[in-house]
Amino acid sequence: MPDTSGNRHRRENVGNLSTKQVATVLLASLLSTSAIWVIRSFSILESVELQAFDRMVRLHGDGDPDPRLTVVAITEADIRAEQTWPLPDRTIARALAKLQGYQPRVIGLDLYRDVPQPPGHFELVEQLKADNAIAIEQVGVVGPPPSVRPEKIGFNDLAIDFDNAVRRNLMYVEYKGEKLYSFALKVSQKYLESRLDRPVPILLGADFLQLGNTTFPTLKDNAGGYELPASEVKGRQILIDYRSEQIARIITLTELLEGNFDSEWIRDKAILVGTTAPSLKDLYPTPYSPAKTDDYRMPGVLIHAQMASQILDVVLDGKSLFWFWPQWAEILWLWGWSVLGGSLAMRFDRPLSLALLGGASAIALWVICFFAFTQTGWIPLVPPALGLAATAGIVLAYKVLYSLSYDPLTDLPNRTLLTQQIRRLSRTETAETAQIALLFLDLDRFRIINEGFGHHIGDRLILSTSRRLKTCLPPQTFLARVGGDEFAILISGVENSEEAIAVAHRVQKTLAAPFDLDGQETYTTASIGIACSPRSKELAAPDLLRDAHTAMYRAKASGHGRYEVFISTMHTRALQQLELESDLREAIKNREFQLHYQPIIDLRTEQIVGFEALVRWISPKRGFVSPGEFIPLSEDTGLIIPLGEWILEEGCGQLAAWHEKYPRIPPFVLSINLSTRQLSQANLVGCVDRILDRSGVNRESIKLEITESTIMDDVDEAIALLEQLKTLGIKLSMDDFGTGYSSLSYLHRFPMDTLKVDQSFIRRMDESRENTDIVKTIIMLGHNLKMDVVAEGIETEQNVKVLRTLNCEYGQGYYFSKPLPVTAVEELLTRIHDSPCP
């Protein structure tokens, strides 16, 4: 039992840490600080830091539109009115002339005009000769209008972060020996010269840019949450301080040309002319984007307006640029929060107290960082938050390792004490006849009971099992709980394995009686592995544990309620399966799987009509695991049940999302495989119905594929199950037809919508006429039974031609596409969705 007096003493002296505890906290904080700083130096945390930056931008709130700026927006309606893109030079020239009539201080033309767009080219050239007109170029890609003087040209200054968002204003670069200044900077300079009525020169320093008398320190590679690579640390750039989403007043091109606006919006203002039409894709993510829909982007002209507004704020209003700490200050900041996390974990034992104080510390960290942000300071948020949590975790792990020797639920010794006991006995048993026997016991069906009735019932079962084991074991045994539903029984001084087998029989008999768990009568059995130490030889404890564990898995594979005695030939084969099954269980728990989708093609139109969902396991430990390796194991162990439910739920949810996201694409069908083990699942129909309801998917768009061989064991039962599934409104497909030896007398009774020709027949069509005739017969059979037919495994153009002549409707295979991840499918669907209607 836990030492309550010790716990009480520790709580009474919570404010005083011993020297050893202080050393532990300091060591843990230094360890976590070093690890986090190394991780940060590889830019691993940059994405999270930038997300925090974006969040603070949105929480900071919007200011009013900048009264010094007006944007002339070329909208979708303007483009439709002109009926052409790019707009003719004459239209742009008219707009510039109209603007000049109201005496703006500067006009920035945020449109590429390196190539004339007649008619009206010479008219545009004349307008661009105006002293207050600024044009734009894209360095090394799109040149400026050829008639504009170099001092009136600015380059496109949209510096893109790795997540495609715009957070930086690149104000100056040097390209092929030429000094180039950004579009927003040139517009701001011209505005300032007009307003101040004097030249406002631009000067360059080693790590700053000076506009007039105002200095703009350049963004460093380690500023705030940035860990910019060397290729990004070029020129002179600053962090954009976004003023608001609606940065300036907006006049559409049509409103401008028709004179439908307030002239005061133009007079003495900085005017930016650019596109806001989504179809032109001059749109970029900004810190505001996550606050909107996934499709929200800010037009480039509005981002330029943000940059110009910030420059004017700094020069005219004395507003501060973003400031950052030096690296040594950031390291101390990180270490301080790490020390705090470790101190809290060391001082407080109660989880609730620790959770509340840890949460309060995290909130305080956020408040401090956000307050600094409101003062245009970006100090690290994510590294100290990680340091707070990581150091607390290290200290808690230290306390657990040094304070826990018993299982908290059953008060039985844990694996550590069991290992120590094995080592002690292996040293003290010296007689030639003496052996140590270890029984490794695993409760059968425990996962089903635990998940079906709840974890509290599972805990009750573990407790009841431990009590029964204590009553039936001989005095010389050592009982331990070594896992969730695993127990170990160590017996010393046995003469041979028969004595251990007798104990195993006694245990199985004891556990065979029903358990009364909160009024619920529950039955379980145990699979037991038995391993004995060699005679007169000291045995390594891990080896005995490993051997008993291996034998237990062998017993479990043989059937519930069995035992196996370890023999050396088991080790390699069983260990491999044991490790794979263990990894597979963890993979299901941790959702390490992905669905890939292979398109199903209409062979007549070559249009996508559906996809087949195929599961892929990307293990952090093993890498890519072949489906041929883990699917059979999941069938054997019953893990295919939770895995299959996840596949169905993921596929239905993804399909529903696609149908909503791509409304212009006709709804397509998603095919999902059902295994033999799933068909024997008692609640299969109800489970499918619940998943369909939760996902909200169109039921007619879901097709469940059942292999031919799985439904031939009990045809009548299979037909009844398939008919129940059909009542859910879904479609059914017979997969791998031709390989399962199904009787044609039964085929017409199966309520199938689709017949899938096995790929082995398709691939052999080129070999002989007879193979083609087999495929032809299958297709004709499917059509006669009112089924559509899908050919699997199409790999050549010749396959497609032959299948078309045989009137096969659909096909899939590597000729069209391999199975694709979600991102690739969405790229494909986006192209289809956005393509012009025929």
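Modeller: An axis here is a line fitted to C-alpha atoms, for a helix over the stretch in contact, and the angle between two axes is taken between their N-to-C directions, from 0 to 180 degrees. The model is a predicted one. In it, the axes of helix H10 (residues 327-347) and helix H11 (residues 351-374) come within 10 Å and cross at roughly 165°. Because angles over 145 degrees count as roughly antiparallel, H10 is roughly antiparallel to H11. The crossing of H10 past H11 is right-handed. On the H10 side, the contact is formed by Trp333, Trp337, Leu340, Leu344 and Ala345. H11 contributes Leu354, Leu357, Gly358, Ser361, Ala364, Leu365, Ile368 and Cys369. Of the residues in this contact, 11 are nonpolar and 2 are polar, while no charged residue takes part.

For context, helix H27 (residues 797-805) shows how another helix is covered. Its residues Asn799, Val800, Val802 and Leu803 are buried. These four span an arc of only 170° around the axis, and therefore lie on the same side of H27. An α-helix has 3.6 residues a turn, so residues three or four places apart point the same way. Among the elements that cover the buried residues of H27 are helix H25 (759-763), helix H26 (769-784) and strand E30 (788-791). After H27 comes Asn807, which has a positive phi near 65°.

Note on methods. Residues are numbered from 1 along each chain as its sequence is written. This is a predicted model: local features need pLDDT of at least 70, side-chain atom pairs count only at pLDDT 80 or more; totals for chains, interfaces and linings use all residues. Side-chain values use heavy atoms; hydrogens and water are left out. Helices (H or I, at least four residues) and strands (E, at least two) are DSSP runs, numbered from the N terminus. Angles under 35 degrees count as roughly parallel, over 145 as roughly antiparallel, 65 to 115 as roughly perpendicular and the rest as oblique. A crossing is left-handed if the near helix is turned anticlockwise from the far one by less than a right angle, and right-handed if clockwise. Contact means heavy atoms within 4.5 Å. Ala, Val, Leu, Ile, Met, Phe, Trp, Tyr, Cys and Pro count as nonpolar, Asp, Glu, Lys and Arg as charged, and the others, Gly among them, as polar. Buried means under 20% relative accessible area, exposed over 50%, partly exposed in between (1.4 Å probe, protein chains only). The arc is that of the directions from the helix axis to the C-beta atoms.
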